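Hi everyone, thanks for making time today. I'd like to walk you through one model, and please keep it open on your screens while I talk.

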Amino acid sequence: MDAEDQASRVLREVFGYSQFRGEQREIIGHLIAGGDALVLMPTGGGKSLCYQIPALARQGMGIVVSPLIALMQDQVAALHEAGVRAGALNSAMSWPQVQETERQARAGELDLLYVAPERLLTERCLSLLDRCPLALFAIDEAHCVSQWGHDFRPEYLQLAVLAERYGSVPRIALTATADILTRKEMIERLRLREPKVFVASFDRPNIRYRIAEKDNPRRQLLRFIRAEHPGESGIVYCLSRASVEDTAESLVREGIDALPYHAGLDSATREGNQRRFIRDDGIVMVATIAFGMGIDKPDVRFVAHLDLPKSIEGYYQETGRAGRDGLPADAWMVYGLQDVVQQRRMIDQSEASAEYKRVATGKLDALLGLCETTQCRRVRLLDYFGEQSTPCGNCDNCLDRPQEWDGTVAAQKLLSCIARCRSATGFGFGAQHVIDILRGNRTAKVEQFGHERLSTFGIGADLEAAQWRSVLRQLVMLRLVQVDTERYSVLSLTAASREVLRGERTILLRRAVDGGAVRPASRRPVDRTRVTAAQAARMLSDGSVPAGDDNTHQTLFETLRAWRLQVAREHGVPAYTVFHDSTLEEIARRRPGSTEELRAVNGVGAVKLERYGSEIIEILAQSRLRRFGQPAR
Ligand code: ADP
Ligand code: ZN
């Protein structure tokens, strides 16, 4: 059998998939033939199969270098579920466990061995490998070799030793980081031999990008989760540890299963929370960016940002953790003037070099441009990574085209109001006060300074306060208004604002969309109104599954989900390792009548069919009985 047939067979038999995705076939073929490769693929693109299949197809054991010990066990568990002989070596394991894994390796009983880089580099481990036939080395999260990236790991530099010691063993480096500089670094530092470079499209079509204005972030978040993702897994990113804690608490008070994660928590709590997030269905993780690398939970249904990330790279990496299973998912962010001010302040006040500040400012501005654009978000994102595309139809701007309006007059009113109250008083004021003057509000502060006598008092009564905040934010972004980050966020004009005041420049603004955050569910490609797993479990046990065709698919899906949770608990593995949501969804849709038909469903490999086939067919048979109004057994 040639290599290609063999790869297709493993794909079908072991993993239960009918087709390769993207360039998987070429990558796998190249490795089986003994070549080195560098693979750049977005999160969820399907990197794992690129080394798992060649490891199974080639003689010997495949070594997977992965920096994330906490997740190794889950990866191995998922492989065991599919009947693959896999093991791991890391510092979280007991001595007897380590010895047993080493014995299996020596006895040729493993097809895949996951190893942390620091462990791999020990003489003990290297000499173990010396005595085993090796199929390949896969270096996951390979961007960790880059000293400029934020995930730098010094051990990764030493992985170059593999090139000398195991010159004839093919190596594949994989990452979801796209930029050209890192690409070169990975090839050089890992000493890949004439690697073939595979760059996949970075588009994630199932993710819907949505960016709205911040008004009351907690309430907006709550509304978003309740309306669109009740009982589902998601990640909420916040900038500070304090806001992580507060947000998690406020969600819990509202009955949402939320957990906090940040570097200030002790490691046991952190690991415990991460574990629960991965294993249980429907947990919301509220976290700083300390959370996320290597989290390969496939059914994260949303990633929400309550604070602005620092760059488009950061935003893309974080939002990329949603929807790895290919089902619809949301990337949802709210942002406001305060975010812009805060991020600029962090750059200004950092100790870094002028060069670094310049780069950081450029990156932040690119992100702000993404926030304020009235064009397709995805086109803009992909363009940033050098990829051309056309409007996607799956972002807020495509679905609900925001209006642009000529804000020149409004900008002039705002700018002159800032100038007038400064010159009348001798010092500057913040946003709230300036907007009060524009709207003609006689607040105590307005009267205290006699600002009701300014010529700009009341000239902006035609716009709501929220609209003025939106105008101001956009002017700040355009650097037409400066916010003093040191003192009380006082506003002042910039050199460029004169041009606007003199009428030499037209200002096009994005119209504030009220609650642009929430869209009716009917617009979604897949209706995901769901009962929670807990409700489904109850229905499963008391047989009260409602009949009716609209509901059948949904109910069946929930019933299968509840069954999956039970199985996962019994086996002590994450639910998704039993079956992915996408597989359960397909089963609910196709309702196979026999194990033979079940075999055709994506994600049902030989071992899983053997293990769970008859149980699933039984669940389907029971649901059919109920549907036709006959008593369930
Ligand atoms: P990455 O490591 O690139 O983030 P994974 O390897 O975890 O992505 O794959 C993402 C998801 O896609 C997984 O749920 C995986 O099972 C699924 N997948 C990968 N390749 C295929 C394929 N050829 N057909 C169907 N599903 C696939
Ligand atoms: Zn779009």
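Predicted model: local features only at pLDDT ≥ 70, side-chain atom pairs only at ≥ 80, totals over all residues.

Asp299 sits in the loop between strand 11 (284-287) and strand 12; helices here are DSSP runs of H or I with at least four residues, strands are runs of E with at least two, and both are numbered from the N terminus. At 4% relative accessibility, Asp299 counts as buried. By buried I mean under 20% relative accessible area, with exposed over 50% and partly exposed in between, using a 1.4 Å probe and protein chains only.

Residues are numbered from 1 along each chain as its sequence is written, chains are lettered from A and ligands numbered from 1 in the order in which they are written, and side-chain values use heavy atoms, with hydrogens and water left out.

Let's move to the overall layout. The protein is divided into domain 1 (3-199), domain 2 (207-339 + 369-399), domain 3 (404-510) and domain 4 (533-627), with bounds from an automatic or database domain assignment. Between the C-alpha centres of domain 1 and domain 3 there are 57 Å.

Now the ligand. How many residues surround ligand 1? There are 15, and the closest are Tyr17, Gly44, Ser48, Arg324 and His580; a residue counts as near if one of its heavy atoms lies within 4 Å. That shell divides into four nonpolar, eight polar and three charged residues. In this scheme Ala, Val, Leu, Ile, Met, Phe, Trp, Tyr, Cys and Pro are nonpolar, Asp, Glu, Lys and Arg are charged, and the others, Gly among them, are polar. Helix 3 (residues 47-57) gives the most to the shell, with three residues.

For polar contacts, we take pairs of N or O atoms within 3.5 Å; within protein, one must be able to donate a hydrogen and the other to accept it, and residues adjacent in sequence count only if both atoms are side-chain atoms. Tyr17 has a polar side-chain atom 2.6 Å from an oxygen atom of ligand 1. Ser48 also places a polar side-chain atom 2.6 Å from an oxygen atom of the ligand. With Gly45, a polar backbone atom is 3.4 Å from a ligand oxygen. The protein covers 86% of the 560 Å² of accessible area that ligand 1 has on its own, with areas from the Shrake-Rupley method and a 1.4 Å probe.

On to the aromatics. A pair of aromatic rings is described by the distance of the centres and the angle of the planes. Rings of Phe, Tyr and Trp (its six-membered ring) pair if their centres lie within 6.5 Å; planes under 30 degrees apart are stacked, over 60 edge-to-face, and the rest tilted. Why is the pair of Phe224 and Phe302 called edge-to-face? Their ring centres are 5.5 Å apart and their planes stand at 90 degrees, so that is the class they fall into. Phe224 lies in helix 11 (residues 217-228) and Phe302 in strand 12 (residues 302-305), so the pair ties together parts that are 78 residues apart in sequence. Phe224 is buried, at 0% relative accessible area, and Phe302 is buried at 0% too. Elsewhere, Tyr209, Tyr315, Tyr316, Tyr384 and Phe385 form one aromatic cluster.

Most residues other than glycine have a negative phi. Glu141, not a glycine, has a positive phi of about 50 degrees. You'll find Glu141 in the loop between strand 5 (134-139) and helix 8 (154-157), buried with a relative accessible area of 15%. Arg479 has a positive phi as well, near 60 degrees. Arg479 belongs to the loop between helix 22 (465-477) and strand 15 (481-483), and is partly exposed at 37%.

One last stop: Ser416, in helix 19 (residues 408-425), is buried at 17% relative accessible area. Ser416 and Ser455 are 39 residues apart in sequence and 9.5 Å apart in space, C-alpha to C-alpha. Thanks, everyone!
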